[in-house]
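Subject: A structure for you to look at

Hi there,

Here is the structure I promised to pass on to you. Have a look at it first, and then read my notes below.

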Amino acid sequence: MTDVGIVGYGASIPRRRIKVEEIAKVWGADAESYKKGLMLTEKSVPASDQDTISLSVEASKRALKRAGIDPVRIGSVYIGSESHPYAVKPSGTTVAEAIGAVPECHCADFEFACKAGTEGMFVAYSEVKAGTVEYSLAIGADTSQGAPGDALEYSAAAGAAAFIFGRDRLCAIVTHTYSYMTDTPDFWRREYQHYPQHGGRYTGEPAYFKHVLGAGRGILKLAGLTADKIDWFIAHQPNGKFPLRAGKELGFPKAKLDPGWLVPTLGNTYSGASPIGLTATLDIAKPGQRILMVSYGSGAGSDAFIFEVTERINEIRDLAERTRYQLEHHPIYLDYGNYAKHRGKILRST
Amino acid sequence: MRDVAVVGIGMDKWGELWEKDLRDLYVEAALLAIDDAGVDHVDSMYVGCMTSGLFNAQEHLGSIMADYLGMNPIPATRIESACASGGIAVRMGFMEVAGGFSDIVLAGGVEKMTDISGDGATFALATACDQEWEAYNGVTFPGLYAMMARAHMHKYGTTREQLAMVAVKNHANGYHNPNAQYRMKITVKDVINSVKVAEPLNILDCSPITDGAAAVILTTVENARKLGKPIVRIIGSGQATSTIALHSRSDLAGMDATRFAAEKAYKMAGKTPKDIDLAEVHDCFTIAELIVMEELGFVEKGKSGPAVEAGETAIGGRIPINTSGGLKSKGHPVGATGVAQVVALVEQFRCEKGECQVEGAKVGLAQNMGGSGGSCVVTILEAE
């Protein structure tokens, strides 16, 4: 049986940003406390015309450049998000149409809070492995929302990552997958509600850490590997602190997280968070290195993947904009008024 | 009046106990106390709990806890006096045994505080202040204690650093307590640089939100001897009230309910503050421990800050206070706190405290209060 893995990858990060100080100023909050508590200083903001679909298209186009394949050979498109623009009507059809993967294509939108992106990756990988499609495209994307004044407003950000799975031209082989899930209601948004609600500190120990550590330990055991045999580690990053602590508990020094630890200046991109971290890690990984990625979605569960990087990574990483480049270059800083306008928190009178 | 002894103590790990509910917590602590005492039955029970209705939508605690302990049809009574609920549950058990109404009484306390949001918990706790005059105007307990701290600093020159030293000491003690919620050592700098809550109080000046329970078994000294347990007598018990609203007090830098309760307890015990070897006091905020030290007569008015700074209340000091870690480090599941103070003293008398053992301690005092000091109960224990 031939290896299955990633053929091409790409990220999309909006240029707009808002700093913690700007949000704290409006709410009379102590910016330093938030910066210290969340370990982040700013977050990305989607413009009025950027949504999960447009960010997904951009990330997919970058993935296609690196894959170097004809998009009609993509047999399925899966998008995981908790901010699909439509409640009824898939995001995936628009993305598939925009990149030229239609009409012989299977498509579905996924929802599993912040791990919807890796749900898509898991299914895309499985389909290729099963041999039902030649290539499959999986995307994690969000333009996440935090209620005005809520702690989430300081971190809820936007971004997308896309991965094309296949059997040839691999830049990273999937060597193992593992999922860990329980019924743990730590964060939710009911239909017709604009902003999610969360269980405060309950989102930490019994939710994020239980599942991320459960999946991390589970996949290492499954693979018969220890942390020192893994070169890079990426965990879901709702704030700066959580992934660092998860890494520490699993035995990974901060240096092994650094390439994919984007949250201090990117914010929490929800379904995009660990997948975007993976793109940034692939941007610097060397052939032969192993990468462990563990996502987390409220509700709650984690998907874990171990990848082994191939020689082809050196040929393709510069065929599209690297993730760090998007994060660090040409930011447009917004004041709260413009942020509120772009996020639809205030509406123009018509 | 019959002599009463504490023959059984029960307490498990405190903290954010997501996997346990209100009744699990209470039943576990109660069973530990029953096992520790070696009794084969309990005649009566008091359950200290501040507000399970708001935290867990569950009232009628006497019956539910007797039921889940398999103890129906014993009489079981819920005691509520805000954060003093547990200490008063112990006092009621003491009175019932002393008065000859029952021979073996279980006095327990419990609070399961993490089932609701932080805002919900703040609201629930604020029901212990004056709703019409205080809560209505937006004040919560950190705000009230911050005003007391300001008054104490203004009147006596107490410093910000001295407030912080209370938290540093209690965390140093709690570090050695396996049941404590926050077992980390902190520094004065950590306290002063921690997140502001209500100036001058920062987050590390405040006791946490905690899930937990504690229980004790009380019986006559005569029964205690038959059970072969070390004899720890309750020799003094005093309870008092004060104005529930802070602004109605004549002295914002004092807590007269503590003074009145202590006077009664000292009188019953035939002891003075000088006779006390160690104390567990209600350090819900760092300023509370300072004021309480003065009202209990351990130091003169206004001298608590310098006493803490001089190490007088540390282990090895003149009067070690909160060797368990206190509310600050051990946690503060409000209804359980007063019971856990008695548990901590009994552990000291049994020489079970390891690094925190106060050598030769024979007489201990527990002070537990409600709200901003609107109620207080003081219990004095003596080991044979």
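In which helix of chain A is the place of R62(A)? The answer is α3, which covers residues 52-67 of chain A. Before going further, please keep in mind that this is a predicted model.

**Around R62(A)**

Is R62(A) buried or exposed? R62(A) counts as buried because its relative accessible area is 13%, and the cut-off for buried is under 20%. If you leave aside the neighbours within four places in sequence, R62(A) is in contact with Y9(A), G10(A), A11(A), S12(A), A320(A), E321(A) and Q326(A). One of these, A11(A), has its backbone oxygen 2.8 Å from a polar atom of the R62(A) side chain.

**A buried helix in chain A**

Next, find helix α9 of chain A, residues 273-282. Of its 10 residues, 10 are buried, so this helix is largely enclosed by the rest of the structure. Among the buried residues of α9(A) are P275(A), I276(A), L278(A) and L282(A), and the list also includes S274(A), T279(A) and T281(A).

**Where the two chains meet**

Now turn to the place where chain B and chain A come together. Here 6 residues of chain B are in contact with 7 residues of chain A. The size of an interface is often given as the accessible area lost when the parts come together. For chain B and chain A, about 540 Å² is buried between them, and 50% of that is on carbon and sulfur atoms.

The interface holds 1 salt bridge by the rule used, and E16(B) forms a salt bridge with R201(A), with the closest N and O atoms 2.4 Å apart. The count of residue pairs in polar contact between chain B and chain A, with both residues at pLDDT 80 or more, is 1.

**A nonpolar patch on chain B**

V195(B) comes up again here. Together with V197(B) and I203(B), V195(B) makes a nonpolar surface patch of about 220 Å². V197(B) sits in strand β5 of chain B, residues 196-198.

**Some backbone details**

Where in chain B are the cis peptide bonds I noted? One joins N72(B) and P73(B), with omega about 10 degrees, and P73(B) is in the loop between α3 (61-68) and β3 (76-79) of chain B. Another runs from E199(B) to P200(B), with omega near 10 degrees; P200(B) is in the loop between β5 and β6 (201-202) of chain B.

Two residues other than glycine have a positive phi. For A113(A), phi is near 45 degrees, and this residue is in the loop between β5 (106-110) and α5 (116-130) of chain A. For H60(B), phi is near 60 degrees, and this residue is in the loop between α2 (52-56) and α3 of chain B. Is each of them buried or exposed? A113(A) counts as buried because its relative accessibility is 7%, whereas H60(B) counts as exposed because its relative accessibility is 59%.

Enjoy exploring!

Best wishes

Technical notes
Residues are numbered from 1 along each chain as its sequence is written. Chains are lettered from A and ligands numbered from 1 in the order in which they are written. This is a predicted model: local features need pLDDT of at least 70, side-chain atom pairs count only at pLDDT 80 or more; totals for chains, interfaces and linings use all residues. Side-chain values use heavy atoms; hydrogens and water are left out. Patches are made of residues with over 30% relative accessible area and no salt bridge: like charges are joined within 9 Å, nonpolar side chains (Val, Leu, Ile, Met, Phe, Trp, Tyr) within 5 Å. Accessible areas come from the Shrake-Rupley method with a 1.4 Å probe; for residues, only the protein chains shown count as cover. A salt bridge is a side-chain nitrogen of Lys or Arg within 4 Å of a carboxyl oxygen of Asp or Glu. Helices (H or I, at least four residues) and strands (E, at least two) are DSSP runs, numbered from the N terminus. Contact means heavy atoms within 4.5 Å. Buried area is the accessible area (1.4 Å probe) that two parts lose on being put together, summed over both. A polar contact is a pair of N or O atoms within 3.5 Å; within protein, one must be able to donate a hydrogen and the other to accept it, and residues adjacent in sequence count only if both atoms are side-chain atoms. Buried means under 20% relative accessible area, exposed over 50%, partly exposed in between (1.4 Å probe, protein chains only).
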